[in-house]
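Hi,

Here is the structure I promised to pass on. Have a look at it first, and then read my notes below.

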Amino acid sequence: MTNLSPQAVLDAVSDVSNLWFDIELDLLQRTWQCGHVRVVVLLASHQTTSDAQLLARVISRTGSGRLLPAEWFPNVYFQHVNLESLKSLITYAINDITENSYLISNSMESLLKSLPCEDIQNIFEIEAHKNPGSPFNYGPTYQMFWKKGDYFYYLEHHYES
């Protein structure tokens, strides 16, 4: 993931509707504190797809309560993080979704436990240098992305309160 910048991702947002994927999984699980955990897994179809286009696909999926990418993505930068940081975020996400038994999602928990965490060199966290620095107006949002082979992974853990 060389030469990846927030501006390159924003520039790619307009092209995401033209992309085709062999795998496009976007799973969101609400947590008991009005937050959520979101995992996205992408495998581009038989085309050349840049890392900027892959991340643009992720951030362009707006929903209820989300800011548009142009409203928050200019305020971020990508921080290289180590494998332990990724494993820690996965653990916090699992703990958050399993904290109250009525919200347990076996699908999300299984997916989080199966995310590839070995032999990964380039793991990035999306950090804010000013607000808004996430797609949400309230609460902290932790976002990491990485690639393993041809697969692109994105993990978002949002706390509303």
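A word on naming before anything else: helices (H or I, at least four residues) and strands (E, at least two) are DSSP runs, numbered from the N terminus. Residues are numbered from 1 along each chain as its sequence is written, and side-chain values use heavy atoms, with hydrogens and water left out. This is a predicted model, so local features need pLDDT of at least 70 and side-chain atom pairs count only at pLDDT 80 or more, while totals for chains, interfaces and linings use all residues.

Let's start with the loops. Pro 132 sits in the loop between β4 and β5, and a cis peptide bond joins Asn 131 to Pro 132, with omega at about -5 degrees. Asp 119 is in the loop between α5 (106–114) and β4. Asp 119 is not a glycine, yet its phi is positive, about 55 degrees. Both are worth a glance, because most residues other than glycine have a negative phi, and most peptide bonds are trans. Asp 119 counts as exposed because its relative accessibility is 68% (buried means under 20% relative accessible area, exposed over 50%, partly exposed in between, with a 1.4 Å probe and protein chains only).

Now the strands. Two strands pair if DSSP finds at least two bridges between them. β1 (residues 21–30) pairs with β2 in the antiparallel sense over nine bridges, and Glu 24 stands opposite Leu 42 in β2. The two strands form a hairpin with five residues between them, and Cys 34 in the turn has a positive phi of about 65 degrees. β2 also pairs with β6, antiparallel over eight bridges; here Val 41 stands opposite Tyr 153 in β6.

Next, the cores. A nonpolar core is a set of buried Ala, Val, Leu, Ile, Met, Phe, Trp, Tyr and Cys residues joined through side-chain atoms within 4.5 Å. The largest has 27 residues, and Val 9, Leu 55, Phe 73, Phe 78, Ile 126 and Phe 145 have the most contacts inside it. At least two residues each come from α1 (6–12), β2 (36–44), α2 (51–60), β3 (76–81), β4 (123–128) and β6 (151–158). α2 gives the most, with six residues. A second, separate core of 21 residues includes Val 81, Ile 97, Leu 115 and Ile 120.

Finally, there is one cavity of 30 Å³ or more. A cavity is a set of points, on a 1 Å grid over the protein atoms alone, where a 1.4 Å probe fits but cannot get out; lining residues have an atom within 4 Å of a point. Grid points are joined across faces, edges and corners, and a volume is the space filled by probe spheres set on the points. The largest cavity holds about 50 Å³ of space. Among the residues lining it are Arg 38, Trp 72, Tyr 154 and Glu 156, and α2 and β6 each give two or more residues to the lining.

Cheers

Methods. On a 1 Å grid over the protein atoms alone, a cavity is a set of points where a 1.4 Å probe fits but cannot get out, and a pocket is an open set with protein on both sides within 12 Å along at least five of seven lines; lining residues have an atom within 4 Å of a point.
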